[in-house]
Amino acid sequence: MNPHLVQKLGFGLLALISLVVVIPILLVIGAILAQGAPAISAEFLTAMPRDGMKAGGILPAIVGTLLLTAGTGLVAIPMGVGAAIYLSEYARDTGLTRAVRLAIVNLASVPSVVYGLFGVGIFVLLLQFGTSILAGSLTLAIMTLPVIISTSEEALRAVPMEFRTVSASLGGTPWQGIRRVVLPQALPGIITGVILGLLRSAGETAPILFTVAAFYLPALPQSVMDQTMALPYHLYVISTQVPGMPLSIQFGTALTLLIYVLSMNVIATLIRGYFRRRREW
Amino acid sequence: MRRSRRTLVALRSGPEWAIEAIIRVLGVSTIGLVALIFIFLLTEGLPAFFEIPLGNLLGIRWYPTSELYGTLPLLLGSVLITVVAMIIAFPLGVCTAVFIREIAPAWAREILKPMVEVLAGIPSVVLGFFGMVVLAPVVREGLGAPTGLTTFTGALVLAYMALPTIISVAEDALDAVPKSYRDAGLAMGATEWQTIWRVVLPAARSGILMALMLGMGRAIGETMAVMMVTGNAARMPVGLDALLRPVRTMTATIAAEMGEVASGSTHYHVLFAIALILFVLVFAITLASASVMFRRRERGGLR
């Protein structure tokens, strides 16, 4: 057969396959948008659930997820960025550094449900935090750590070596160079990575199953030692554990979670694009 | 002048030293975390191997209420669903990566790449919910299965969850192939299509193998979506109709039963033993793909 005809057919086939990948994504978002949007109202977003969650709103789940995201960030950002600075600025290519890298790759691949078990064992039982926002945030933070480390390291490494050389030649110590020169330059990339990491943790269910999530708790948490409802777990509960649940509430909850996660995704993309255009190196 | 020099000296000896130490500790603590997780799974999971006869533990019946802890159906369930998911996702992912990297016009790339990122961002519980409510009825009607919650439904959802990983890793692999390889292919009179299949893809094969392995690692550890769409029946997935029957994975078993067991009971230890098996399995996959990565680096960026 004529190779140019083969090429045309082949290119067409690959384009078709890419459509097969993309169309289901649009279908998922479209279906949840179409069926979830009618359920979302001011009451749905700001009221307590009523009648065994079959009526009312999902406020405690929203607040719980926001608190968990904040708690996760509070722990994971300093640890993750610190480890990234170590890898990009201080670590030499030794066996230890390679072990750290392997550990990070390994942390990234640990199944989320295993993090859940670990969280129960260490934070809930051993350290006696109980099922609490504290235990859940710590569990999610460990899970998020590898994402934040690898994206931050990439951002730090992208800063040209000259910046460090100039800082050192002006008499700056290594840390002064990192804090005043390298970090500010890498900040947009780090922020993007942090958001992408937190976005993943916000949608996770398995790590919070036994460490923080409450099945039905129509009250807002008062302290970090309280249990809380959370959007992903709430969606799991109302779609599998509660018989006779109105489908509109299920879709509404799914849509709320999807909007929360995807808006973080969009913000990260915008930040990345904005600073990439403004960057002078 | 004198003052600034003094602060400089103070910074060198005081905070500078402390900050560097903190940063080093943070970096090395990742090793500690992995070790901690492993030791913890070991101490909680190993007792299961002493409390239960090995024949029982490797048996084909999982009925914890009657002291039957056969993990074989769960292991095979996880393997089957992962393999089917990869059979679907690997060709789709590699072809899409080739399309994005080698063929697509700029506008198509600008649409495809963000879409793949969006897919990576959709929480697994949302995909599970979609699979349960929308996909399962379609599978039931379309394939004539008694229930829509089957191995096939789970594998389909899982395939799309693994796609972003496969696509981005495969893309990186294609990216690493020097432009001179493509130019050489074209200069020999090959069409772009022939160059892609006979030159670029073979040159990127180790990276593409890595895409497959990382996708597999992602799929085997997935929990919520799998738990929601596979029907969770702990039976041996054998026979030709296994694809259209419910199945149960290791991850789903842990997530479903952990909330109900008493801490320190035999059942509790078995669940940790399953987690230990999962951890080791995924670690092995990661190690294998990391060795591929390191080897490629030694050979100078290729293969």
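## Close-up views of chain B

**View 1. Helices α9 and α10 of chain B meet in this predicted model.** From α9(B), the residues in contact are B:Y181, B:R182, B:G185 and B:L186, and their partners in α10(B) are B:E192, B:T195, B:V199, B:V200 and B:A203. Sorted by class, the residues of this contact comprise five nonpolar, two polar and two charged. The crossing of α9(B) past α10(B) is right-handed.

**View 2. Helices α7 and α8 of chain B cross here.** Helix α7 covers residues 124-143 of chain B, and helix α8 covers residues 151-175 of chain B. Their axes come within 10 Å and cross at roughly 140 degrees. With that angle, α7(B) is oblique to α8(B). This crossing of α7(B) and α8(B) is right-handed. On the α7(B) side you will find B:S124, B:L127, B:G128, B:G131, B:L135, B:A136 and B:V139. They meet B:F152, B:T153, B:L156, B:V157 and B:M161 in α8(B). The contact of α7(B) with α8(B) has eight nonpolar and four polar residues, and no charged residues.

**View 3. Chain B is divided into two parts, domain 1 and domain 2.** Domain 1 of chain B spans 2-45, and domain 2 of chain B spans 49-298. Taken over C-alpha atoms, the centres of these domains of chain B are separated by 36 Å. Where the domains touch, five residues come from domain 1 of chain B and six residues from domain 2 of chain B. On the domain 1 side of this contact in chain B, three residues are nonpolar, one is polar and one is charged.

**View 4. Chain B is in contact with chain A.** How many residues of each chain take part in the contact? The answer is 67 residues of chain B and 70 residues of chain A. Helix α2 of chain B, residues 15-45, gives the largest share of the chain B side, with 16 residues. The side of chain B that touches chain A divides into 46 nonpolar, 14 polar and seven charged residues.

Definitions and conventions. Residues are numbered from 1 along each chain as its sequence is written. Chains are lettered from A and ligands numbered from 1 in the order in which they are written. This is a predicted model: local features need pLDDT of at least 70, side-chain atom pairs count only at pLDDT 80 or more; totals for chains, interfaces and linings use all residues. A crossing is left-handed if the near helix is turned anticlockwise from the far one by less than a right angle, and right-handed if clockwise. Helices (H or I, at least four residues) and strands (E, at least two) are DSSP runs, numbered from the N terminus. Two residues are in contact if their C-beta atoms, placed from the backbone, lie within 7 Å. Ala, Val, Leu, Ile, Met, Phe, Trp, Tyr, Cys and Pro count as nonpolar, Asp, Glu, Lys and Arg as charged, and the others, Gly among them, as polar. Domain bounds come from an automatic or database domain assignment. Axes are lines fitted to C-alpha atoms, for helices over the stretch in contact, and angles run from 0 to 180 degrees between N-to-C directions. Angles under 35 degrees count as roughly parallel, over 145 as roughly antiparallel, 65 to 115 as roughly perpendicular and the rest as oblique.
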